[in-house]
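Reader: I am new to this structure. Please take one part of it and walk me through it closely.

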Amino acid sequence: MKRKLLIMAAALAVLFVLAGCESWDRAVKDFGSNINGLQRVATVYDQGGNAIKTYKGKFDVEVNEYGNKIKFDLDGKRILIYNATVIVEEE
C-alpha cells in the first residue's frame with residue numbers, strides 16, 4: 001500500500017511539472033487535433049506567392065514524411081495537395 005502511494009505521488013509530481021511546459025501543451029493540443037480536429041484555415045499558394053484556394057473548417061492535417069503532400073478531410077471530402085506551399089492557421 002505504501003509503495004502504491006509513493007508511485008501515485010511520483011506520477012502526480014511528474015504531471016504537475018509537465019503541465020507547466022510548452023512541450024506538454026503542444027502534446028495535449030496535438031492529441032486533441034488528432035481526435036477532433038481544430039478550426040483552421042488552409043491557404044494554398046502557387047510558386048509565385050499568389051493564393052490559389054482557401055479552405056476553412058474543422059479538420060486535422062496530415063503531412064507525409066517528404067513534405068510534398070498534405071491530406072485532410074473537410075465536409076466529407078478528402079483533399080490532397082501535392083507540391084504546393086500551404087499555410088495552415090488555427091482560427
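Author: Start with one pair of residues. Valine 44 stands opposite valine 86 in E6. The model is predicted: local features need pLDDT of at least 70, side-chain atom pairs count only at pLDDT 80 or more, and totals for chains, interfaces and linings use all residues. Residues are numbered from 1 along each chain as its sequence is written, and side-chain values use heavy atoms, without hydrogens and water.

Now the strands around that pair. Strand E1 covers residues 38–45. Strands (E) are DSSP runs of at least two residues, numbered from the N terminus. E1 and E6 pair in the antiparallel sense, over six bridges. Pairing requires at least two bridges found by DSSP.

Widen the view to the sheet. The sheet is open and has three strands, in the order E2-E1-E6, with antiparallel pairing. Its edges are strand E2 (51–59) and strand E6 (85–90), and each of these pairs on one side only. On average, neighbouring strands of this sheet are turned by 20 degrees against each other, direction ignored. Here axes are lines fitted to C-alpha atoms, with angles from 0 to 180 degrees between N-to-C directions.

Valine 44 and valine 86 also belong to the largest nonpolar core, which has ten residues in all. Such a core is a set of buried Ala, Val, Leu, Ile, Met, Phe, Trp, Tyr and Cys residues joined through side-chain atoms within 4.5 Å. Buried means under 20% relative accessible area, exposed over 50%, partly exposed in between (1.4 Å probe, protein chains only). E4 gives the most, with three residues.

Look at tyrosine 55. Leaving out residues up to four places away in sequence, tyrosine 55 touches Arg40, Val41, Ala42, Val44, Phe72, Leu74, Ile79 and Ile81. Contact means heavy atoms within 4.5 Å.

Aspartate 75 sits in the loop between E4 and E5. Its phi is positive, about 55 degrees, although aspartate 75 is not a glycine. Most residues other than glycine have a negative phi. Aspartate 75 counts as exposed, at 72% relative accessibility.

Asparagine 83 lies in the loop between E5 and E6. Asparagine 83 is not a glycine either, and has a positive phi near 50 degrees. With a relative accessible area of 61%, asparagine 83 is exposed.

Aspartate 73 stands opposite arginine 78 in E5. Their side chains meet in a salt bridge (2.7 Å, N to O). The term means a side-chain nitrogen of Lys or Arg within 4 Å of a carboxyl oxygen of Asp or Glu. Aspartate 73 is partly exposed, with a relative accessible area of 39%. Arginine 78 is exposed, at 53%.

The structure holds two salt bridges. Glutamate 62 and lysine 71 also meet through their side chains, at 3.5 Å, N to O. Glutamate 62 is partly exposed, with a relative accessible area of 45%.

Definitions and conventions: Helix = DSSP H or I, 4+ residues; strand = E, 2+ residues; numbered from the N terminus.
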